[in-house]
Amino acid sequence: MERITDGDGTGMPFLAVGYPASIYDAPCRNLNGARTLRWRADTFLTTVPLRSRVEPIRRLASFSWGYDELPVTIVPPAGTGEESWVRYLSLFRTEFPGWVWS
């Protein structure tokens, strides 16, 4: 599993906020010694605390998606359930301790 990173140093746990939000991944050939690339992602649409960090962030919907390099194969989005969210909660709480997670 890849770690979530706070790339801009703000402690913001969101990749995209607002409309229209988009999510993508640019394929890469840096395989770190692997023979082929098999990339998967779990993506969550969540609530966003608007006034404070006291309101819990909740999952509204989620899906998984990805691709394989050889042969090139797109893994179409597939809806995931609450169990996917629960699987990541400890990671979210560790990586972004200043936020409340439901």
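**Confidence.** The model is predicted. Colour by pLDDT to begin. The protein's mean is 82, and 83% of its residues reach 70 or more. Among the helices and strands, compare two elements: helix H1 (residues 82-95) has the highest mean, 94, and strand E1 (residues 38-46) the lowest, 89.

**Main core.** Select Phe14, Phe44, Ile57, Trp85, Tyr88, Leu89, Leu91, Phe92, Phe96, Trp99 and Trp101. These 11 residues form the largest nonpolar core. H1 supplies the largest share of this core, five residues.

Stay on Phe14. Beyond its neighbours within four places in sequence, Phe14 is in contact with Thr46, Thr47, Val48, Pro49, Ile57 and Trp99.

**Second core.** Now pick Leu31, Trp39, Trp65 and Tyr67. They belong to a second, separate core of six residues.

**Salt bridges.** The count here is two. Select Arg40 and Asp68 for one of them: their side chains meet at 2.9 Å, N to O. Arg40 lies in strand E1 and Asp68 in strand E2, 28 residues apart. Is Arg40 buried, exposed or partly exposed? Its relative accessible area is 34%, so Arg40 counts as partly exposed.

Keep Asp68 selected and show its surroundings. Setting aside neighbours within four places in sequence, Asp68 is in contact with Leu37, Arg38, Trp39, Arg40 and Thr73.

Move to Glu82 and Arg59. Their side chains form a salt bridge at 3.4 Å, N to O. This pair joins helix H1, which holds Glu82, to strand E2, which holds Arg59, across 23 residues. Glu82 is partly exposed too, with a relative accessible area of 44%.

Notes: Residues are numbered from 1 along each chain as its sequence is written. This is a predicted model: local features need pLDDT of at least 70, side-chain atom pairs count only at pLDDT 80 or more; totals for chains, interfaces and linings use all residues. Side-chain values use heavy atoms; hydrogens and water are left out. pLDDT is the predictor's confidence in each residue, from 0 to 100. Helices (H or I, at least four residues) and strands (E, at least two) are DSSP runs, numbered from the N terminus. A nonpolar core is a set of buried Ala, Val, Leu, Ile, Met, Phe, Trp, Tyr and Cys residues joined through side-chain atoms within 4.5 Å. Buried means under 20% relative accessible area, exposed over 50%, partly exposed in between (1.4 Å probe, protein chains only). Contact means heavy atoms within 4.5 Å. A salt bridge is a side-chain nitrogen of Lys or Arg within 4 Å of a carboxyl oxygen of Asp or Glu.
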